[in-house]
Structures are given as C-alpha cells and as structure tokens.
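Reader: I'm new to this one. Can we go through it piece by piece?

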Amino acid sequence: MQPSQRRSLEFVLDNLVWFMLLAVLAIFSATVPNYFQLGIFANIIEQSSVLGVMSIGLALVIIAGHMDLSVESVAALSAMAAGILFASSGIGMGITFTPGWLVVPASLLVGLGVGAVVGALNGFLVIKVKMNAFIVTLSSFIWVRGLVVAASGGRSAQNLADELRWLAIQRFLGIPLTAYIAIACFIGFSFMMAKTRFGRHLIMIGGNEAAAFRAGIKVDKVLMIAFILSGTIAALAGWLLAIRTSGATANLGAGMLFNAFAAVVIGGVSLKGGLGALPGVYAGVLLLSSINTAINLMGLPAHYTQVIHGLLVLAAVLLDTLKQTIRKKLA
Amino acid sequence: MQPSQRRSLEFVLDNLVWFMLLAVLAIFSATVPNYFQLGIFANIIEQSSVLGVMSIGLALVIIAGHMDLSVESVAALSAMAAGILFASSGIGMGITFTPGWLVVPASLLVGLGVGAVVGALNGFLVIKVKMNAFIVTLSSFIWVRGLVVAASGGRSAQNLADELRWLAIQRFLGIPLTAYIAIACFIGFSFMMAKTRFGRHLIMIGGNEAAAFRAGIKVDKVLMIAFILSGTIAALAGWLLAIRTSGATANLGAGMLFNAFAAVVIGGVSLKGGLGALPGVYAGVLLLSSINTAINLMGLPAHYTQVIHGLLVLAAVLLDTLKQTIRKKLA
Amino acid sequence: QDKGMVYYMVPTLLDEFQTGSVSALEMFLEQVGYDLTTLNADNKTDLQQSQMNDVIALAPKAIILAAVDFNALAPSVDAARAAGIPVIEFDRQISSTVSDFTSVAGTVEIGYVAAEQVERLLTEKNGSVKGKVLQVLGDPGDPYTLDIQKGFEERMAAFPEVTIISQPAMMWEASNAGTIVSDQLLANPDIDIVFSHAAHLSVAAVASLEAAGKQPGDVYVMSSNGAPVALQMIRDGWMQVEVEQPLYAQAAAVAMFMDKLVAKEPIEPGEYDVLGLPSVVTDEAWGPTIKIPGAAITPENVDDPSFWGNLKPPAAPVTSVE
Amino acid sequence: MTEELLTLDNITKSYGAVQALRGVSFSIAKGEVIALLGDNGAGKSTLVKIISGGLEASSGSMRFEGRDFRPKSPSEAKAAGIETVYQDLSLCTNVDVVANFFMGRELTRPVMGIKVLDEARMEEQVAKALASAGTRIPSLRTKVEHLSGGQRQAIELNRFVHWGGKLVLLDEPFAALGVEQTKRGLEMIRQVAAQGIGVVIITHIMQQAFQVADRMVVIRQGVVAGDVPTKQTNADAVIGMITGETLAGAGPVAGAGE
Amino acid sequence: MTEELLTLDNITKSYGAVQALRGVSFSIAKGEVIALLGDNGAGKSTLVKIISGGLEASSGSMRFEGRDFRPKSPSEAKAAGIETVYQDLSLCTNVDVVANFFMGRELTRPVMGIKVLDEARMEEQVAKALASAGTRIPSLRTKVEHLSGGQRQAIELNRFVHWGGKLVLLDEPFAALGVEQTKRGLEMIRQVAAQGIGVVIITHIMQQAFQVADRMVVIRQGVVAGDVPTKQTNADAVIGMITGETLAGAGPVAGAGE
Ligand SMILES: Nc1ncnc2c1ncn2[C@@H]1O[C@H](COP(=O)(O)OP(=O)(O)OP(=O)(O)O)[C@@H](O)[C@H]1O
Ligand SMILES: Nc1ncnc2c1ncn2[C@@H]1O[C@H](COP(=O)(O)OP(=O)(O)OP(=O)(O)O)[C@@H](O)[C@H]1O
Ligand SMILES: [Mg+2]
Ligand SMILES: [Mg+2]
C-alpha cells in the first residue's frame with residue numbers, strides 16, 4: 001500500500017464514527033419520511049445533550065480501567081434533588097431567590113454536590129476497600145435509584161423556575177442552550193484528556209495500573225478524582241434532564257445506561273481501559289440519537305421497537321469492531 | 001500464628017459465605033418476626049432455585065474471563081416460549097401431548113434450545129468477531145427482552161399444564177422439586193469445574209487467555225461452549241420461572257440480573273476472571289434469598305425497600321472483599 | 001376516508017391494558033377515518049419527551065398521550081399545543097396544564113372500587129369488615145400504582161379492623177409478586193385477600209397459593225385493570241373480583257370527539273352515549289374531560305362482552321359527535 | 001544428523017509499516033541445536049512465533065518433516081510436534097504449578113466413565129521434573145503468581161523437556177534463571193538434541209550459544225546476516241555479524257519510517 | 001566513597017507461610033555499585049520491592065541518608081531519590097515510547113495558565129537518551145505493545161539514567177538486552193556511580209557482576225550468605241555462596257511447608 005493511501009485510510013478509521021454518523025443521517029434522510037428537516041436535526045442535537053454529558057463521565061472512568069454503572073441513577077438523584085427543592089408543584093418545595101437567576105447556580109451546586117458524594121463513595125469502595133468497580137457501581141445503580149424513589153415517595157416534582165427552563169427554551173441557531181453546555185463539556189474534557197498530565201495519567205492507569213503506581217503516579221488520587229468526576233458529570237446530566245423535563249420523576253432517565261455504554265463503545269473507547277478519546281464519544285451519542293429519532297419517525301409497530309433498537313445499536317458497535325480488525329491488519 | 005490456627009482461619013475464610021449465611025439467618029431469625037420457621041427456610045430454598053440456576057451459567061462465563069448480561073432476558077425468552085406453546089390461557093396455545101408428561105421434556109427442550117441459540121450468538125460475536133462481551137451481552141439483554149415483548153405482544157400466557165406445575169407443587173422434605181433441580185445443577189457443575197479438563201481449561205483461560213492459547217488449548221471452542229452453556233442454563237432458569245409463576249409475562253424476571261451478579265460476587269467469583277467455585281455461589285444465592293425474604297417480612301414502607309436491598313447486597317459484597325484482604329495478609 | 005395521522009404515545013407495553021389500548025384506539029380511530037401510529041416509551045419519561053419533540057416536528061392531526069408520568073409531560077403538552085397540535089390525555093390524567101381533551105377512568109377511582117369490593121368480600125367471609133389484606137403494588141416509583149394505592153387506602157381508612165400489608169413487586173415483575181405472597185402466607189397465615197395492582201401479578205400470586213396447598217376460595221384474590229387473564233381466573237374460581245378499566249369506552253370516547261378536536265371546535269359539556277354507557281363530559285380546569293368509571297367484574301357478570309378482557313370489541317362502529 | 005527437520009524459505013513479516021522480517025531462509029536438521037542470534041528488535045521472536053503458529057507470515061513458506069507447513073494456531077504446531085518456550089512467559093498465574101505444567105495436556109483417569117483429573121499423578125511427575133532441574137519452589141500447589149521470575153521460567157523450560165516433541169523453540173529461556181539452573185538447562189538441551197529432537201535457542205549471551213549450539217544463525221534487521229557452524233567461528237566474529245560491524249547509534253531503523 | 005547511603009537492618013518478609021526474607025542486613029555507600037546475587041527464589045526481588053516502596057517489610061528497619069526510612073509507596077521512595085528498574089517490566093503498553101519514558105514526570109509548558117504537555121520537548125529528550133544507549137526503535141511514537149522484549153527493557157533502563165536520583169535499584173536489567181546494549185549499559189552504570197549515586201544491580205551473569213560491582217552481596221534462602229568486595233573474591237567462590245556449596249536438588253524449601 002502507498003503511504004498516502006495508508007494515511008487516508010487511517011484518517012477514515014480514526015474518525016470512522018463521524019463517517020458512520022454522516023452515512024446514517026444520509027440514509028435516514030433518504031428513507032424515513034420527514035427525517036430531513038432542520039427541526040429534526042436540532043432535535044437530535046438537543047436530545048443528545050443529556051446522554052452526551054453522562055457519557056463523558058462514564059468514558060473517563062472506563063478509560064482509567066474501571067466502570068461506573070451508577071451514572072444513570074446519579075443523574076436521576078441530582079434531577080430529583082433539584083426538582084424537590086426548586087420546582088413549584090408536585091412534591092417540589094419551590095424555593096426561590098432574589099434575584100431569581102440565583103436558582104441556576106444554586107440548583108447546579110446542589111445537583112453536582114449530590115453527584116460528587118456518590119462518586120466519592122464509589123471511588124472509596126473501589127480504591128480504598130479494593131472492591132470491584134462493576135459490583136460497587138451496580139449496587140449504587142440500585143440503591144441510588146432506590147433513594148430517588150424514597151426521597152420522592154414515587155411522586156414527581158414539576159414546574160422548575162423559569163430562569164432554569166430558559167436554558168432549555170432559549171435557542172441559539174435553532175438549538176437550545178442546554179446543548180451548548182454539552183458541547184462545551186466535550187471540548188473541555190477532550191482537551192483535558194489529550195493535553196494535560198491528568199488525562200495522560202488516566203490513560204496510563206487504564207493501560208497498566210501497577211506500572212503507573214510504580215512510576216510514582218498517585219494512582220489512588222487520580223482514580224478517586226475520576227470517580228468523583230464521573231459522579232459529578234452524571235449529576236450535571238441529571239440537572240440538564242431536570243431542566244428539560246421541568247422537574248423530576250422517580251423513574252427519570254431509566255434505561256439511559258445502556259445508551260451511555262453503547263455511545264462510549266461506538267465512540268471507540270475500549271471497555272478494557274486505556275484506549276479512547278472523547279470526540280468520538282460525542283459522535284457516538286449523536287449516532288444513537290439519530291437512530292432513536294429515526295425509530296420514532298418510522299412508525300414501526302410499537303412492539304418491535306425494542307428489538308430493533310437493540311439490534312441497531314449492536315450493528316453500530318459491530319462496525320466499530322470491524323474498524324479494530326482492519327486497523328490490526330494495517331499496523 | 002500457629003499452623004493449626006492458620007488452618008482453621010483459612011477454613012473459615014474459604015467458606016466465609018456459608019458462615020455469613022448462617023450468621024444472617026440467625027440474626028434475621030432473632031429480629032424479624034415470623035422469620036424463624038421451617039416454612040420460611042423452605043421458601044428461601046425454593047425462591048433461590050431460579051436465581052441459583054441462572055447464577056451458575058453467569059459464573060461459568062465470568063470465571064472464563066468474560067461476562068453475560070443477557071441471562072435475565074434469555075430466561076424470560078425461554079419462559080415465554082414455554083408459556084406461548086404450553087400454557088392454556090392468555091396467549092398460550094395450549095399444546096398437549098399423550099401421555100401428558102411429555103410436555104415436561106418438550107417444553108424443556110424448546111426453552112433450552114432458545115437459550116442455546118442466544119448463547120451461541122453471543123459467543124460468536126465475542127469470540128469470532130472479537131467484540132467485547134460486556135457490550136455484546138448488554139445488547140442481547142435489550143433485544144432479547146424486546147423479542148419477548150414482540151413475541152407476546154405485551155400480553156401474558158398462563159395456566160401451564162399440570163404435569164409442569166407438579167414440579168413446583170410436589171414437595172419432598174417440604175421443599176418443591178424445582179429446588180432439587182437447582183441443587184442438582186450446582187452439584188453437577190461444581191464437579192465439572194473442579195474435576196474435569198473442561199473446568200480446568202475455563203479457569204486457565206480466565207487467568208490468561210493468551211497463555212492457554214499458546215499451550216494448545218482450543219480457547220475458541222472452550223469459550224463458545226461456555227457461552228452456550230450460559231445461555232442454556234439461563235433458559236433452564238427461565239423454564240423453572242415459568243413453572244413457578246404458571247406462565248409467562250413480558251417483564252418476567254426483570255431485575256434478576258443484579259441479584260445474579262451479586263450472588264456470583266458474594267460467592268467468591270472474581271469479576272476479573274480465573275477465580276471462583278460454584279458451591280460458594282449457591283451460598284451467595286441463598287444469602288440473597290434470605291435477605292429478600294427478610295425484607296418481605298419486615299413490613300418496611302414500600303418506598304424504602306429498594307435502597308435497603310441495594311445497601312444490604314453491597315454490605316454482603318463488602319464482607320466478601322474483606323475476606324480477600326485478610327487472605328492477602330495471610331498468604 | 002383518510003383524515004390523516006394521529007400519534008398515540010403509549011407508556012409501556014409490558015401491561016395488557018396498554019397493549020389492549022393500542023389495538024382499541026387503532027380500531028376506533030379507523031372507524032372515524034384516522035390512521036394511528038403508536039410510540040412506546042418503555043416507562044421512560046425522558047424517552048417520551050423526546051418522542052413528543054419528534055412527533056411535533058411531524059405535525060400530525062392530533063397526539064393521544066398516556067403519560068409515563070402524569071405531570072412531567074406537561075411542558076411537552078404545552079409545546080405540542082403551541083405548535084397547533086391538539087393533545088388528548090388518555091387513561092392517565094394531567095391536571096397541571098390544559099389539554100384539549102381527557103378520557104380517563106381515574107386511577108384513584110380504581111382504588112375506590114377496589115375498596116368497595118374488599119368491604120363486600122370481607123363482610124361475606126368474616127361477617128363484618130375486618131381481616132387482613134395483602135396489597136401488592138406494581139412499583140414504588142410508578143405514580144399509576146401509587147394512585148390506586150391512595151384511593152384504596154383512603155377508603156379503607158374507615159375500617160380500622162382491616163389490616164393492610166403493602167409490598168411492592170418491583171418493576172411490576174410477576175415472580176416478585178409470587179415471592180411476596182408465599183412469604184407473607186407464612187408470616188400472616190390469616191390473610192383474607194390478596195389485592196394486586198395488575199392482573200398479571202395475580203397469576204403469580206395464584207401460582208404461589210396453589211404451591212402452598214391452597215384451594216380456590218381459601219384466600220380471596222383480586223386485582224385491577226380487567227385483563228383477559230383475570231377473567232380466566234375468575235372463571236377458574238381462583239379470583240373473586242377484578243376491577244375493570246373500561247378500555248373500549250375510554251378509547252371510543254377519544255374517537256368520537258376526534259373530528260371536533262382536529263377541527264379545534266369546542267367540546268360541549270353534557271351527557272353522551274359511549275358504547276351504550278351514559279357518560280358525562282365536564283369542563284375542568286385542565287380542559288374538557290370524560291370520566292368513565294370502572295366496574296367490578298365478579299363471577300356473576302364475567303361474561304359480559306362489554307368488558308375488554310373478553311376481547312369482544314363492539315360490533316357497531318363508533319360515529320363522530322356532530 | 002543431516003536429515004532435514006524444518007526449512008524456512010524467504011519468510012517475511014510486516015506489522016503494518018514496520019517490516020520485521022524481510023526474507024529469512026535457513027533450515028534445521030534432526031538432533032541439531034541452532035543458536036538464533038541477533039540484536040534487539042532484529043526479528044527473532046517474530047520468527048519463533050511464525051514457526052509456532054502464533055503469527056502468520058506475510059509471505060514465504062515452511063517445510064516441516066518434508067511436508068508443507070503453515071500452522072494456523074499454536075495447537076496445530078503443537079500437534080505437529082513443535083514445543084515453544086516464549087520470551088514473555090505464558091503461564092496462567094491464577095492456578096498452581098502443577099496445573100501450569102500440564103496446561104492443555106492434563107492427565108485424567110476414568111471414574112464411572114467420566115474422565116477425572118488425576119491430580120496425584122500429575123503432581124508426582126512435576127516434582128520429578130523440577131527436582132532434576134535444580135529449581136526450588138515452596139510448594140507445587142502454590143499459585144504461580146506467588147513465584148519469583150526465575151521460578152516461573154523454570155516451569156516453562158522444564159515443561160518442554162517433559163513433553164519432548166520433534167522441534168523445540170526456546171526464546172531466551174535462561175534470561176531469568178540462576179547460575180546452576182542455567183548450567184543444568186544447557187545440559188538438558190544437549191540431552192534433548194541427542195534424542196534427535198531439533199532445538200532452536202535464542203540468547204544474547206555468547207557463552208551460552210557457544211556452549212550448546214551446533215550452528216549459529218544471525219538475524220540482522222530482518223534478514224539472515226550469517227549462518228555458520230559453531231566450530232568455524234568465534235564470539236567476536238558473531239558479535240560483528242549481530243551489530244553489522246558499525247552499529248549506527250539508534251534512531252529509527254532505515255525503511256521503517258512512514 | 002564511604003558515606004553511607006542506605007542501611008538495611010535485619011529486614012524480614014513473609015508471604016503468609018512462606019518466609020522470603022529471614023533477616024537481611026547490609027549497607028550501601030554513595031557512589032558504590034553492589035551486585036545483589038542469589039539463586040532463583042532467594043528473595044532478591046522481594047528486597048528490591050521493599051526498598052522501593054512496593055512492599056512493606058514484616059520487620060526490620062532501614063536508614064536512608066542517615067534518616068529512618070519506611071516508604072509506604074513507590075512515589076514516596078521516588079521522592080526520596082530512589083529509582084527502580086523492576087524485573088517484570090513496568091510499562092504501559094497502551095501508550096507510546098515517549099509517554100512511557102516520562103511516565104509520572106511529564107514535561108509541560110503553560111498555555112494561558114494551563115499546564116499543557118510539551119510533547120516536542122519530551123520526544124527530543126527520549127531520542128537523545130535512546131540513541132546513546134544503542135537501541136533501535138522503529139518510531140518513538142509506536143505504542144510499547146508493538147516493541148520487542150529488548151526494546152522494552154531499553155526504555156526502562158534508560159529512563160533511570162535520565163532521572164538519576166540518589167540510589168538506583170536494577171533488578172536483572174540486562175536480561176533481555178543485546179550484546180552491545182548490555183555493554184553500554186554496564187558502562188553507564190559506572191558513569192552513574194561516578195556521580196555519587198549508589199547502585200544495586202541484580203544479575204545471574206557472573207561476568208556482568210564482576211565487571212561492574214564494587215562489592216558482592218549474596219542472598220541465600222532469605223539471609224545474607226556473603227558480603228565481599230569484588231577484588232577479594234572470584235566467580236567460583238561466589239557461585240559457591242549462591243548455591244550453598246551443596247545444591248540439594250529441588251523440592252520444597254525447608255520451613256516453607258504448609
Ligand atoms: N506475592 C508473593 N506471594 C507469595 N510468595 C511470594 C510472592 N512473591 C515472591 N514469593 C516467594 O518468595 C520467594 C522469593 O521471591 P523473589 O521474587 O524475591 O525471588 P528472587 O530472588 O527475585 O528470584 P529470581 O532470581 O527468580 O527473580 C520465592 O520463594 C517466592 O516463591
Ligand atoms: N505486534 C507488533 N506490532 C508492531 N510491531 C512489532 C510487533 N511485534 C514486534 N514488532 C516489531 O518488530 C521488530 C522485531 O521484533 P521481535 O520481537 O521479533 O524482535 P527480537 O529479535 O525478538 O528482539 P529482542 O531481542 O528484543 O527480543 C521490532 O522492531 C518490533 O518493534
Ligand atoms: Mg525477542
Ligand atoms: Mg527476582
């Protein structure tokens with residue numbers, strides 16, 4: 001093979017998920033009625049903001065060689081905390097501030113705090129007590145959701161303050177502000193992973209924790225930060241979810257975990273750790289969101305949507321795997 | 001430390017989960033009203049049969065260094081297949097045989113066949129296509145459940161043939177026959193893991209797949225069998241579940257996956273692979289079942305059961321981890 | 001004739017009532033000239049919101065919404081109505097914002113009917129309203145089951161001699177219900193009635209009773225939603241009462257008013273005949289509402305074809321209200 | 001001693017842009033001991049893996065015992081009679097010494113028609129094999145993760161002696177072994193060769209190569225840079241072949257750029 | 001050259017029932033090169049790990065530069081100036097050569113107040129270090145998983161030279177290195193020692209030990225069996241100390257039963 005050919009092939013492989021996204025959008029636009037319109041594309045971006053933010057935290061922990069199954073429940077808890085305190089009907093207590101916009105930092109702080117605490121607890125159990133991250137965070141997945149149910153009594157809170165809702169309603173270039181928050185997160189954390197010592201250390205710990213430890217990297221500290229970040233970022237996702245919903249319900253966000261994992265894997269992050277970058281994850285999120293929207297618009301018999309969704313996601317993951325195979329042939 | 005002291009300490013550590021089970025039973029018997037009675041203990045054993053069987057398959061794959069998140073959905077699919085064909089009301093087609101008992105092997109065969117197919121598909125994607133087992137089986141978890149919904153149209157089947165129900169109703173020493181099926185599975189597969197080449201190879205593959213491959217072990221074949229076994233055993237669990245509920249609903253078995261993982265981990269199987277034995281897993285299942293029964297009898301407000309369940313399971317896993325720490329100190 | 005597409009947002013398909021509602025709405029809307037497409041939210045509030053957003057972009061004639069969460073969908077309802085799409089609440093009422101039409105049986109009301117039946121059954125069995133009732137909830141995080149519980153316990157509060165034990169079968173999972181029943185039978189051998197919030201939970205409950213050596217009638221069994229399985233169990237003698245949700249009437253009412261809704265004509269309060277049931281449309285704060293209360297199905301009336309569980313849809317087509 | 005066992009003909013191997021082997025040809029006879037020498041990164045291990053079925057050559061062909069040979073997997077090569085000790089050890093550290101020794105070839109005895117692992121007999125054989133190699137191991141039931149580097153290598157090395165075969169590939173088998181163990185290992189290789197088994201041994205220690213090998217094959221940057229009988233050469237000459245006389249600092253290998 | 005750098009006093013270490021170290025005492029001065037010798041399983045690596053903070057001793061004490069020393073983690077020992085090359089390599093094979101070389105000590109440059117990795121400068125320094133060691137690596141941006149065993153070891157070995165420190169522990173650092181690279185490595189050790197850095201080197205090759213060490217410390221079954229200046233001994237005498245004159249076959253180590 002010519003070096004130039006190899007180079008372009010490698011470029012395509014490196015950014016395969018973006019090409020897949022374009023291909024999928026083209027196919028759906030051509031085949032699904034009403035898919036090709038600006039409103040739908042705006043919907044795709046808007047819908048991917050919550051999942052996108054959640055996937056960032058998950059990706060960080062996975063790159064570091066661990067796992068966080070609790071992100072979905074943490075997001076729900078953060079949403080419920082914001083809902084109970086700052087929503088005005090249902091079980092909401094409707095706390096208000098003067099000036100009114102203070103509710104934005106206040107609710108954000110509460111949410112992120114909740115997430116950080118759960119993340120720290122997960123981190124403590126994994127790092128200090130040396131429990132397996134899968135089982136620790138699986139338990140958190142259960143008990144944090146249980147906490148949401150317990151705190152809400154199964155009821156919901158609605159009508160968040162207008163200052164918060166504004167973020168979901170106000171649009172810039174046809175896309176709500178919440179989506180820009182997600183994009184900003186991707187840019188910031190991508191930079192962190194690619195250009196800072198912390199990001200480099202996360203990747204190395206994911207590759208060989210013992211080697212990183214022997215090299216004097218404070219593995220425990222780095223991992224703890226990763227878990228706390230994961231919890232906090234999940235909480236940010238929950239806050240966005242609450243704003244989107246204008247409140248919170250006990251089952252809010254249920255089922256997101258599968259999509260978050262799928263996005264991370266489609267985005268090229270290895271579940272074995274040590275491999276992956278965030279921009280791909282964002283493409284993965286957009287890809288899932290496009291698939292979801294297509295399913296909504298196709299008007300399939302409702303009973304079959306779950307099978308189809310599962311199989312489409314599997315197909316997307318499969319394509320990513322084929323990439324690895326081709327790459328192995330190459331290098 | 002004296003050698004004799006060390007020996008007894010090691011004995012306790014090796015069988016810690018059994019001691020935990022005894023301790024938990026004693027504590028609940030003393031504190032939870034109505035807990036201490038033969039019927040409750042029989043219930044615990046009976047309730048653990050479905051989860052127990054499912055955990056065996058899961059444990060096999062985990063010991064081999066992989067994972068199977070689809071077991072819960074596969075069980076549901078197998079139950080639904082048996083329900084649709086052999087239940088007489090709802091969507092059941094009520095197929096009958098002469099002599100009537102032929103329905104037992106027939107329904108079993110159908111169920112196991114379904115499970116084997118899904119297991120083989122998982123295995124194919126993991127082993128041949130080299131996809132990550134977590135994401136493959138997570139997808140299966142989704143689409144197989146979707147298949148249950150699609151096949152049933154969201155409706156349920158009930159009234160299984162009496163010959164099948166007999167297995168759940170007929171008791172020997174106060175315990176239904178289904179529980180003896182689970183116990184027999186544990187004995188059989190424990191023997192397989194401890195005493196046969198296949199079991200030995202599974203453990204070695206879980207420890208170092210590359211080394212096993214280089215040593216000439218047919219890794220692909222062994223792993224494929226493990227995945228098929230996992231699917232088939234999950235299907236057996238589903239068949240027992242159908243018998244227990246006398247039919248099948250679209251969401252049957254939902255939530256069991258968490259318990260199966262918890263049982264496997266509490267039973268001393270390492271999620272990293274290569275470590276663990278099945279008798280401990282059975283103790284783990286019984287332990288979870290005891291906790292569950294206690295929650296049912298404690299009369300807690302319904303909203304709190306999920307948090308409490310999650311935290312109790314976490315505590316059980318924690319104890320198992322402490323064991324590892326003590327053992328590391330020892331050896 | 002082809003009057004256009006209507007979307008039905010169903011909250012889940014893991015429940016026979018919901019599954020039945022899809023086919024009933026499809027049938028009745030076809031009779032008045034509309035096509036129906038159904039989107040399943042799988043009990044996920046956020047998914048249902050995304051579906052609402054996408055459907056709004058498709059500009060259908062109307063949206064029929066059975067909300068996963070009664071109130072969380074309010075912003076989506078507002079968004080759809082702002083886009084000029086009429087929104088009809090089906091089965092699950094949203095009172096926190098205005099909708100174009102609401103057709104419900106009333107979840108709290110199901111609890112009321114169940115309480116009346118418990119009163120009757122306990123009196124039959126124990127001579128007065130006293131005894132023990134095991135209430136099996138669907139999921140502690142589902143407002144649907146919580147409303148039934150609220151209605152039921154509100155009415156039962158009048159009878160202090162009745163002990164109510166409530167346990168959740170997490171995620172409406174049948175074998176969980178079976179486990180609860182078999183454990184509770186040992187802890188409280190004197191349970192008189194098992195009341196599950198869905199018929200499919202009663203199937204597992206009955207299986208546990210059978211495995212515990214009980215005969216039909218030893219312990220009374222009742223549940224709510226009127227699914228075919230329940231009617232079967234009533235015929236088999238295992239079950240005494242099922243609280244019917246009038247699925248056909250609820251769906252037919254939506255179809256009857258669809259033309260008016262699409263044309264954005266006002267709906268007059270008053271009495272209407274829905275599949276032979278006299279029903280009242282009232283004007284509420286959240287918009288015009290038709291409430292068709294459920295009935296109790298017992299061995300005496302189990303074969304009544306108007307119960308949706310008998311799966312005999314009315315032969316005469318519905319006609320639009322002029 | 002001149003009967004051909006394995007012949008390599010123009011074997012090449014590229015890993016993407018890196019050409020690790022650029023056409024290697026040599027052959028080995030029954031009972032012959034070949035020392036495969038070469039600088040770091042010369043391609044020795046790559047060659048071993050190709051012969052043992054772990055990697056596929058990009059081009060070229062092999063003949064084993066006169067027949068075309070192209071193993072698709074290690075188990076195929078093993079079946080043909082090729083035993084390999086890898087440079088990066090291949091042990092399952094989660095099981096004990098005995099299990100590792102018999103990995104993939106466990107002894108069984110029938111119990112009611114079922115083949116049951118025969119632990120006692122396996123342990124006995126391992127004890128014998130390790131005793132004669134001079135390696136002390138606290139207990140044969142210790143998991144390998146608790147052993148020192150040299151103890152681990154001893155298991156791998158003695159495993160091959162036990163199983164024999166027709167051709168043995170040893171990739172730096174003494175790198176972690178003690179003085180006495182290395183001495184016994186070298187003796188063992190001569191004994192093995194005396195039984196007509198072919199041996200390829202990779203080492204960086206000239207002394208070891210000269211002590212045991214009949215012939216030296218030197219690989220430099222993926223090609224054979226020398227193939228001489230031991231008796232006709234000396235250490236300095238061989239080192240010259242390895243380094244290519246003028247060792248040009250480090251830096252990217254010529255042609256490996258991209 | 002007699003200023004004490006590190007003193008070990010009666011260090012013991014048991015892994016459960018196995019007593020790997022039974023009381024080791026010796027000391028090393030600034031600028032001194034000690035060869036730590038011993039049979040497989042003697043306890044050498046265990047000792048290295050205790051000094052470098054990877055393991056805690058069961059009993060005994062250490063003094064480093066005159067102060068009590070008890071590192072809880074490798075980063076503590078590193079902070080005190082102790083660099084280690086481990087027997088089982090410690091590289092992150094998922095990142096490239098440069099990243100491994102600077103693992104934990106990445107160079108950064110400030111960009112708008114944020115410390116950003118300075119890749120160019122790091123690559124330059126690695127190229128220089130590897131060039132002088134005579135190791136060829138296809139590209140410094142290759143992931144380490146694509147390197148040969150010797151190339152990997154070269155990274156580890158040269159990393160320590162680059163960072164210096166006060167005491168360097170080398171656990172069989174040449175096991176996989178080529179002839180020329182080993183020669184340069186030995187020279188480097190002498191240069192390092194000349195700067196006043198203490199060096200402990202573990203090897204099984206007597207030649208290497210005699211070439212580079214000032215003093216030989218022999219460990220046998222967890223105790224010091226000999227501690228002699230290189231000039232006052234010879235290879236046969238040292239081998240005698242290592243094997244304990246009569247190497248008693250293999251079999252369980254006495255006292256390690258259970
Ligand atoms: N993690 C561990 N658990 C239990 N025993 C261990 C462990 N690590 C080492 N040992 C035992 O301690 C003893 C000393 O091991 P160590 O690795 O220090 O030997 P060594 O002198 O470095 O040998 P080699 O030359 O083979 O590298 C050996 O008998 C070994 O089996
Ligand atoms: N998996 C791989 N991917 C890419 N390149 C590889 C891979 N394995 C080896 N190489 C490259 O191929 C060349 C030869 O490697 P090989 O392992 O065969 O060397 P070697 O002769 O065994 O060296 P050593 O003496 O250091 O063990 C090296 O330049 C190495 O970087
Ligand atoms: Mg090599
Ligand atoms: Mg060592």
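Reader: What coordinates the magnesium ion, ligand 4?
Author: This is a predicted model. In it, Ser45(E) (OG) and Gln87(E) (OE1) coordinate ligand 4, at 1.9 to 2.1 Å.

Reader: Where in chain E do Ser45(E) and Gln87(E) lie?
Author: Ser45(E) is part of helix 1 (residues 44-51) of chain E, and Gln87(E) sits in the loop between strand 6 (82-85) and helix 3 (97-101), so the pair ties together parts that are 42 residues apart in sequence.

Reader: Is Ser45(E) buried or exposed? And what about Gln87(E)?
Author: Ser45(E) is buried, with a relative accessible area of 16%. Gln87(E) is partly exposed, at 22%.

Reader: What about ligand 3, the other magnesium ion I see: which protein donors does that have?
Author: Its protein donors are Ser45(D) (OG) and Gln87(D) (OE1), lying 1.9 to 2.1 Å from the ion. Ser45(D) belongs to helix 1 (residues 44-51) of chain D and Gln87(D) to the loop between strand 6 (82-85) and helix 3 (97-101) of that chain, so this pair also ties together parts 42 residues apart in sequence.

Reader: Buried or exposed, for Ser45(D)?
Author: Ser45(D) counts as buried, at 15% relative accessibility. Gln87(D) is partly exposed, with a relative accessible area of 22%.

Reader: Now ligand 2. Which residues come nearest?
Author: There are 20 residues around ligand 2, and Lys44(D), Ser45(D), Thr46(D), Ser148(E) and Gly150(E) come nearest. The surrounding residues are from chains D and E, so the site is shared between chains.

Reader: Which side chain has an N or O atom 3.0 Å from an oxygen of ligand 2?
Author: That is Gln87(D), which is also one of the donors of ligand 3. Backbone atoms come into it too: an N or O atom of the Gly41(D) backbone is 2.8 Å from an oxygen atom of ligand 2, and a polar backbone atom of Ala42(D) is 3.2 Å from an oxygen atom of the ligand.

Reader: Stepping back to the chains, which pair has the most contacts?
Author: Chains D and E, among eight pairs of chains that touch. Chain C has no contact with chain D, and their closest C-alpha atoms lie 37 Å apart. Chain C does not touch chain E either, with the nearest C-alpha atoms 37 Å apart.

Reader: Let's stay on chain C. How many residues does helix 5 have?
Author: Helix 5 of chain C (residues 143-156) has 14 residues. From first C-alpha to last it reaches 20 Å, close to the 20 Å expected at 1.5 Å a residue.

Reader: Is that helix mostly covered or mostly open?
Author: Mostly covered, with 10 of its 14 residues buried. Among them are Tyr144(C), Leu146(C), Ile148(C), Phe152(C) and Met156(C).

Reader: What do the buried residues of helix 5 pack against?
Author: They pack against helix 4 (107-126) and against strand 6 (131-137), strand 7 (162-168), strand 8 (193-196) and strand 9 (220-225), which belong to chain C. At the start of helix 5, a side-chain oxygen of Asp142(C) reaches to within 3.0 Å of the backbone nitrogen of Tyr144(C).

Reader: Last topic, the nonpolar cores. Which residues of the largest one touch the most other members?
Author: Phe134(A), Phe261(A), Phe134(B) and Phe261(B), in a core of 271 residues. Helix 11 (residues 219-245) of chain B gives the largest share of this core, 16 residues. A second, separate core has 96 residues, including Met222(C), Val243(C), Tyr248(C) and Ala252(C).

Reader: What is Phe134(B) in contact with?
Author: Leaving aside neighbours within four places in sequence, Phe134(B) contacts Met67(A), Leu69(A), Phe134(A), Phe261(A) and Leu271(A), along with Met67(B) and Leu69(B).

Technical notes:
Residues numbered from 1 in each chain as written. Chains lettered and ligands numbered in written order. Predicted model: local features only at pLDDT ≥ 70, side-chain atom pairs only at ≥ 80, totals over all residues. Heavy atoms only, no water. Donors = N, O, S within 2.8 Å, 3.2 Å for Na, K, Ca; no water. Helix = DSSP H or I, 4+ residues; strand = E, 2+ residues; numbered from the N terminus. Buried < 20%, exposed > 50% of the residue type's maximum accessible area, 1.4 Å probe, protein only. Expected span 1.5 Å × (residues − 1). Contact = heavy atoms within 4.5 Å. Polar contact = N/O pair within 3.5 Å; in protein donor to acceptor, adjacent residues only side chain to side chain. Core = buried A, V, L, I, M, F, W, Y, C linked by side-chain atoms within 4.5 Å. Near = heavy atom within 4 Å.
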